[in-house]
Amino acid sequence: MYQFLHPLFGEYHIRLQGEGVLPFLHRQSAAGMLFWRIRREAEETPEDENDVYTLRTSLSCAEGLLTSAKEAGLSAEVLRARGLPFLLARYRKRPGLLVGMLAGLFLLFFGELFVWKVTVNGNTLLTDREIIEALEDYGIGVGSYIPGIPVLRAQNDFLLTYRDISSIAINVKGTHIQVEVLERTHAPEIDPNDGLCNLVASEDGIVISVDVAAGTALVKPGDVVTKGQILVSSYTVDGRGIYRLHHAQGSVKAQVYADCSFVIPLERTVKHYTGKVEKKTTLTLLGKDLDLFRTEASPYACFDTEVEEVPFFLFGIAETPILRTTVSYLEYEPEVIAISPEQAQREAEDAFRAWLERQTDEVLETESRLTYDQIQNAYILNAEVVLCREIGIDSPITPEEAPPETLTPPGT
């Protein structure tokens, strides 16, 4: 165990040479002297005849071992001294470096008392950012003093404020806070009209098909309907003239018209990157910005920016409470180029085809026309599209509403 601690607290690598090295070492060991990793270098010579051995000993035993070796007529040489005491002695003339190292170690251990990171799990209705910002109002966030975090009060206040959350658990694990939320499952809303609805048109169109599951259809294929018109009534009537109310259900598809426009300028600006990159770095310690490394804005006239946020690791392995934000400015030279009318036409048609592919409704018919606009110096593609779309939507009614006049008993 001790031989693993000695490299930290200090150890000497010593070479002993002469006759009777091994008996000398046996005597020193019996006297309580600590040394280890004994190696014989001169394998070609017989033992005890001008032997050469290397060994390691602790900082406290080195002086006594060297003195005893000289008294025994042995040649003793210190090959190497290593450990923290020697490292500190090496940098004693560079106090700034030593102070910086000690300050870094102090900061690392002192930072264990503060929150470094906050993560959220189980949320869909609220974003991570919304929950983290809400917890900051209760004194919980990056940089919060861990022993002073009011976990229970924050949990109770959060549930009183956000009704969509049924439970929240704030778990402090080291320097990280893990927030586990359980969102509330709401009961379905009760329809005040007892589910009584007509199907009405959501927009103008020409009816293509009508399929009724409940209620009475008031339109047929080929009819022209306007927005808000009743398509399927919630009333039904039997042969005896008795009216009944239902929740109208069914499918009414119609031809609807949609307009779209695409503008393709004949002149456009392209970017030619020069390869020059200017980087600005900002350090954030426990949620507080350190302006020591903040500099002025980019010197470039035209540039793009890339932002990278990464935690700072000590020696590449030990995470620290420091977040390093690097903003890279990439310089480019703008150039205005012209395209031909034929290329503009192709781009407009490609944009129109991509728009059609994004439509979820069936496309029945398309008509497009390409015109040149002198003011904008651009070609404009205007298109009119006929779609087959479901237009029936629920519209609540009350039992007091009279049935439609067009609804008559069968056989009348």
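This is a predicted model: local features need pLDDT of at least 70, side-chain atom pairs count only at pLDDT 80 or more; totals for chains, interfaces and linings use all residues.
Residues are numbered from 1 along each chain as its sequence is written, and side-chain values rest on heavy atoms, with hydrogens and water left out.

Helix H2 spans residues 21–30; helices (H or I, at least four residues) and strands (E, at least two) are DSSP runs numbered from the N terminus. Val 21, Phe 24, Leu 25 and Gln 28 of this helix are buried, where buried denotes under 20% relative accessible area, exposed over 50%, and partly exposed in between (1.4 Å probe, protein chains only). Viewed down the axis of H2, these buried residues fall within an arc of 100°, and they therefore line one face of the helix; the arc is taken from the directions from the helix axis to the C-beta atoms. His 26 and Ala 30, on the other side of H2, are exposed. The cover over the buried residues of H2 includes strands S1 (11–18), S2 (35–40) and S3 (51–58), together with helix H3 (59–71).

Positive phi values occur at the following positions. Gly 32, which follows H2, has a positive phi near 95°. Arg 37 lies in strand S2 and, although not a glycine, has a positive phi of about 50°. Its relative accessible area of 44% makes Arg 37 partly exposed. Asn 377, in the loop between strand S20 (362–373) and strand S21 (378–390), is likewise a residue other than glycine with a positive phi, near 50°. Asn 377 is partly exposed, at 24% relative accessibility.

Key
Contact means heavy atoms within 4.5 Å.
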